[in-house]
Amino acid sequence: MELLDLIKSRKSIRKYKKQSITLEKIYSVLDAGRYAPSGANQQPWTYILVTDTTLKQQIRKEAEREETKYHKTAPSPLKEWFKKQGITPAKPFLTDAPALIVVASDTKAPYWLESTWISIAYILLQAENQKLGTLTYTPSDTAFLNKLLNIPNHYSLVAIIPIGYPAETPTTKTRPRKPLKQIVHHNKYSLK
Ligand SMILES: Cc1cc2nc3c(=O)[nH]c(=O)nc-3n(C[C@H](O)[C@H](O)[C@H](O)COP(=O)(O)O)c2cc1C
């Protein structure tokens with residue numbers, strides 16, 4: 001697929017088939033992630049591939065506990081958006097997806113967060129290229145993951161990416177983008 005078509009076709013997937021995926025496919029996705037640019041080429045990202053059923057259940061339980069707290073205190077516009085998108089504290093994708101890529105980053109590295117998000121973008125696109133669905137799930141509190149997965153304290157959890165075959169087909173209509181003319185300025189910022 002043309003790169004731009006691939007970029008446009010990727011959508012966040014929150015419903016997964018329980019169908020397994022080969023390790024070879026997952027590794028090709030992770031391989032893309034490590035080619036991202038990074039501050040001083042420190043490559044601060046680390047990927048923890050979770051496929052163990054019990055571990056996935058533990059992650060879901062802890063995440064849902066945090067989400068329930070968060071949804072009660074979230075700012076009103078976010079609450080409204082959650083409602084519109086049908087996003088609740090339930091996170092079935094954490095157990096339905098055959099694998100979770102837990103992305104953590106070394107906070108001692110310069111620009112660790114920015115670099116790691118670029119790495120995540122590469123992961124999402126290579127997954128799309130393999131016809132696999134993904135989501136960048138960012139739990140409201142992440143300390144439980146350091147504990148559960150033995151992640152050293154100087155690594156910060158950046159996102160959990162469920163990966164698997166999609167059981168939904170969201171469209172651009174439900175995930176609109178701002179038109180180019182609204183976000184592009186020539187030479188100087190101009191009021192639109
Ligand atoms: C930094 C970041 C954090 C996100 N966190 C969550 C999340 O915690 N839960 C979730 O369901 N989606 C999350 N998303 C996905 C966005 O909601 C989604 O990308 C956006 O609504 C556009 O939809 P699309 O990805 O299908 O184009 C996150 C995306 C980004 C980039």
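This tour moves through a predicted model, from a surface patch to a pocket and then to salt bridges.

Begin by selecting Leu 3, Leu 4 and Ile 7, which together form a nonpolar surface patch with about 290 Å² of accessible area. Leu 4 belongs to helix H1, residues 3–9.

Next, select Phe 82, Ile 87, Lys 91, Tyr 137 and Thr 138. Of the 16 residues that line the largest pocket, these lie nearest its centre. The volume of this pocket is about 310 Å³. The lining comprises eight nonpolar, five polar and three charged residues.

Turn now to the salt bridges, of which the model has five. Select Asp 96 and Lys 18, whose side chains meet in one of them at 3.8 Å, N to O. This pair links distant parts of the chain, 78 residues apart: Asp 96 is in helix H5 (residues 93–96), and Lys 18 is in the loop between H1 and helix H2 (23–33). Asp 96 is partly exposed, at 21% relative accessibility, whereas Lys 18 is exposed, at 65%.

Finally, select Glu 64 and Arg 60, whose side chains form a salt bridge at 2.8 Å, N to O. These residues are four apart in helix H3, so about one helical turn separates them. Arg 60 is partly exposed, at 24% relative accessible area.

Notes. Residues are numbered from 1 along each chain as its sequence is written. This is a predicted model: local features need pLDDT of at least 70, side-chain atom pairs count only at pLDDT 80 or more; totals for chains, interfaces and linings use all residues. Side-chain values use heavy atoms; hydrogens and water are left out. Patches are made of residues with over 30% relative accessible area and no salt bridge: like charges are joined within 9 Å, nonpolar side chains (Val, Leu, Ile, Met, Phe, Trp, Tyr) within 5 Å. Accessible areas come from the Shrake-Rupley method with a 1.4 Å probe; for residues, only the protein chains shown count as cover. A salt bridge is a side-chain nitrogen of Lys or Arg within 4 Å of a carboxyl oxygen of Asp or Glu. Helices (H or I, at least four residues) and strands (E, at least two) are DSSP runs, numbered from the N terminus. On a 1 Å grid over the protein atoms alone, a cavity is a set of points where a 1.4 Å probe fits but cannot get out, and a pocket is an open set with protein on both sides within 12 Å along at least five of seven lines; lining residues have an atom within 4 Å of a point. Grid points are joined across faces, edges and corners, and a volume is the space filled by probe spheres set on the points. Ala, Val, Leu, Ile, Met, Phe, Trp, Tyr, Cys and Pro count as nonpolar, Asp, Glu, Lys and Arg as charged, and the others, Gly among them, as polar. Buried means under 20% relative accessible area, exposed over 50%, partly exposed in between (1.4 Å probe, protein chains only).
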